[in-house]
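Me: I've got this one open on my screen. Can you walk me through it?
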Amino acid sequence: MNFHIMTLFKEMVLDGLNTSIIGKAVEKGVITIDAVDIREYSTNKHKKVDDYPYGGGAGMVMQAEPVYAAYQSIADKIGQKARVIYLTPQGQTFNQKMAEEFAKEEDLIFLCGHYEGIDERVLDKIVTDYVSIGDYVLTGGELPAMVMIDAIARLVPGVLNNDVSAEFESFHDNLLEYPQYSRPETWRDEKVPDVLLSGHHGNVAKWRREQSVLRTAERRPDLLEKAELSVEERKRFNL
Ligand code: ADE
C-alpha cells in the first residue's frame, strides 16, 4: 500500500513515520510513504503558497494552484484514481471502521493544510474525503495525517509481526481489549490472575471475553450499544 502526503513540512511527517513498526514496514517494502512539498509547486519567485482571504478576516489562506500542481504530480505518478483525504476539524471523525475501509485502498493521498485553510476551489476539485481526528483544533494537518497513516498501515498484512494481533484488540466488535500481563508472576505483591496460569485455553478465552465486556461497560459504555453481546452477557452485566 502506498501513502502519499502533500505538506509544507515534509521532514515532520517523514521523520515521524520512518521509525518503529511503520518504519520497519517501509524498510521491508510492505508499504511506501512519500511526501510532496507543496512549496515546490509555488509559481511565485519567493515560493509563497498563501495569500490574504478575499472578503477580509484574520490569517492567510493556502492558494489553489500550488496545491493542485502538487496533487497532479502524485496523480501522474500513480496513474489511477486515488482517494484524497483532506485533514480538517470540519471532517468526519476518524475511527477504527474508517481505518479498515481505507486499508483496502492501494494508494491514499493526504492533504495537510496550514494557516486558515485552503482555497475552497481546489478542495472541490480534488478532495474525496474530509476527515478530522477529533473535536479540537491543531495548527496543521500533519499530525492528523500521521495518526491516520499509523492506524491504517498497521492493518496492512505484513506490517505487524503477527497477523492475528490486529484482530483481537480494542474496538474490534466495539469492545475494548482485555487486560494483559507478563512476567514476573508476582510484582510488588500483585499476582497475575490464576486463570492465565492455568493453561486451560477455554477458561482463558472465557475470562478474557468477560473482562472485555466489563472493561467496556466501565470505561466506554457508549460502545456497548453497538457491541454484539449474547443474551446471557447482557443479563449478567445488567446491560
Ligand atoms: N487540522 C487541524 N485540526 C485538525 C483535526 N482535529 N483533525 C484533522 N485535521 C486538523
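Me: In what sense do β5 and β7 pair, and over how many bridges?
Reply: This is a predicted model. In it, β5 and β7 pair in the parallel sense, over five bridges.

Me: Which residue of β7 stands opposite threonine 93?
Reply: Serine 132.

Me: What's the strand order in the open sheet?
Reply: β2-β1-β6-β5-β7, five strands with parallel pairing. β2 (32–37) and β7 are the edge strands, and each pairs on one side only. On average, neighbouring strands are turned by 30° against each other, direction ignored.

Me: Which strands does α6 lie across?
Reply: β1 (2–7), β2, β5, β6 (107–111) and β7. Relative to β1, α6 runs at about 175°.

Me: New topic, the ligand. Which residues surround the ligand?
Reply: Leu87, Thr88, Pro89, Ser132, Ile133, Gly134, Tyr136, Val137, Leu138, Gly141 and Pro144. Seven of the shell residues are nonpolar, four are polar and none is charged.

Me: Which strand gives the most to that shell?
Reply: Strand β5 (residues 83–93), with three residues.

Me: Back to valine 137. Where is valine 137?
Reply: In the loop between β7 (129–132) and α6 (142–153).

Me: Is valine 137 buried or exposed, and why?
Reply: Valine 137 counts as exposed, because it has 8 C-beta neighbours inside 10 Å; the cut-off for exposed is 12 or fewer.

Me: How far is valine 137 from asparagine 44?
Reply: 29 Å in space, C-alpha to C-alpha, and 93 residues in sequence.

Me: Last one. How is the chain divided into domains?
Reply: Into domain 1 (2–153) and domain 2 (168–236). Their centres, taken over C-alpha atoms, are 37 Å apart.

Terms used: Residues numbered from 1 in each chain as written. Predicted model: local features only at pLDDT ≥ 70, side-chain atom pairs only at ≥ 80, totals over all residues. Domains from an automatic or database assignment. Helix = DSSP H or I, 4+ residues; strand = E, 2+ residues; numbered from the N terminus. Buried ≥ 20, exposed ≤ 12 C-beta atoms within 10 Å, placed from the backbone. Near = placed C-beta within 6 Å. Nonpolar A, V, L, I, M, F, W, Y, C, P; charged D, E, K, R; others polar. Pairing = 2+ DSSP bridges. Axes fitted to C-alpha atoms, helices over the stretch in contact; angles between N-to-C directions. Contact = placed C-beta atoms within 7 Å.
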